[in-house]
Amino acid sequence: MFSELKFPVPWGHVAAKAWGPLEGHPVLCLHGWLDNANTFDKLIPLLPRECYYVAMDFSGHGLSSHRPAGSHYHLLDYVSDVRRVAAALQWRRFTLMGHSMGGTVAGMFSFLYPEMVDKLILLENLGFLLAPEDTEAWLKSKRMVIDRLLSLEAKQQTPKARSPEAALQRLLEANRHLTAEGGAILLQRGATETPAAGSRVPHGRTVCEAPAEDPGPCSHHCSTRWTLGTTQARQQKPLCESPTGGV
């Protein structure tokens with residue numbers, strides 16, 4: 001017998017199926033290219049019964065949501081899927097078992113998060129092979145991309161109202177390389193102005209939405225939707241909202 005699981009992600013959900021006792025040793029199973037979690041249906045019954053096996057569908061596979069139209073499916077994105085599922089399950093240390101492409105993803109995850117993997121099991125796969133001279137760069141950049149992205153997602157809050165001056169100051173604090181002039185130029189197209197609601201905003205004022213911080217090296221994952229308001233609205237010193245936290 002197995003149970004179906006779903007883990008929310010920004011583009012929908014990651015689906016999985018699980019076998020065994022919840023208190024058992026955790027084992028995360030990763031399928032191959034264009035396969036899905038059912039890859040392990042015949043194998044799991046032959047493995048030790050004291051383990052808790054979770055076989056996930058990578059994004060765009062099985063019952064998991066597809067990424068937005070036009071998005072690519074890179075191996076590193078699958079690694080981030082694994083990180084999300086492990087976080088949702090609250091697994092600090094577990095066994096990874098990967099078949100074919102899933103073995104490559106498992107190898108990459110084990111390389112980037114060695115403290116989280118107690119055993120690595122590869123089926124029809126050689127694992128993740130990296131040139132020694134690239135090791136340090138991978139550990140510094142790739143893991144940082146995933147951690148930064150998940151951190152930004154976790155910190156999403158209701159936008160805060162700010163004056164144009166405060167919005168500019170917030171932008172400059174989060175992007176030390178910007179000058180005040182450069183920040184002001186960016187905010188001209190980097191703010192969404194909408195009619196203000198409630199008594200806290202005087203009549204005739206508008207609300208603007210601006211980024212509170214730079215997503216850094218994961219910026220290719222973090223799109224912003226900004227539109228430019230009317231000249232009249234800008235002259236009336238619209239209030240501005242930041243989509244993430246901060247003062």
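This report covers the sheet, a helix packed on it, and the salt bridges of a predicted model.

## Basis

Residues are numbered from 1 along each chain as its sequence is written. In this predicted model, local features need pLDDT of at least 70 and side-chain atom pairs count only at pLDDT 80 or more, while totals for chains, interfaces and linings use all residues; side-chain values use heavy atoms, without hydrogens or water.

## The sheet

Six strands form an open sheet in the order E1-E2-E4-E3-E5-E6, with mixed pairing. The edges are E1 (3-9) and E6 (117-123), each pairing on one side only. Neighbouring strands are turned by 25 degrees against each other on average, direction ignored. Strands (E, at least two residues) and helices (H or I, at least four) are DSSP runs, numbered from the N terminus. Pairing requires at least two DSSP bridges between two strands. Axes are lines fitted to C-alpha atoms, for helices over the stretch in contact, and angles run from 0 to 180 degrees between N-to-C directions.

E1 pairs with E2 (residues 12-19) in the antiparallel sense over seven bridges. Ser3 has Ala18 in E2 as its bridge partner. Helix H2 (residues 101-112) packs on the sheet and touches E3 (25-30), E5 (94-99) and E6. The direction of H2 makes about 145 degrees with that of E5. Contact means heavy atoms within 4.5 Å.

## Strand E4

E4 (residues 51-56) is largely enclosed by the rest of the structure, because six of its six residues are buried. Buried means under 20% relative accessible area, exposed over 50%, and partly exposed in between (1.4 Å probe, protein chains only). Cys51, Tyr53 and Ala55 point one way from E4; Tyr52, Val54 and Met56 point the other way.

E4 runs antiparallel to E2, joined by four bridges. Trp19 stands opposite Tyr53 in E4. With E3, the pairing is parallel, over six bridges. His25 has Cys51 in E4 as its bridge partner.

## Salt bridges

The structure holds six salt bridges. Each is a side-chain nitrogen of Lys or Arg within 4 Å of a carboxyl oxygen of Asp or Glu. One of them joins Asp41 and Lys17 (2.8 Å, N to O). This pair links distant parts of the chain, 24 residues apart: Asp41 lies in the loop between E3 and E4, Lys17 in E2. Asp41 is partly exposed, at 30% relative accessible area. Lys17 is buried, at 3%.

Arg67 and Asp81 meet at 2.9 Å, N to O. Both residues are buried. In helix H3 (residues 135-154), Asp147 and Arg143 are four residues apart, so about one helical turn separates them. Their closest N and O atoms are 3.4 Å apart. Glu115 joins Arg143 and Asp147 in a network of salt bridges.
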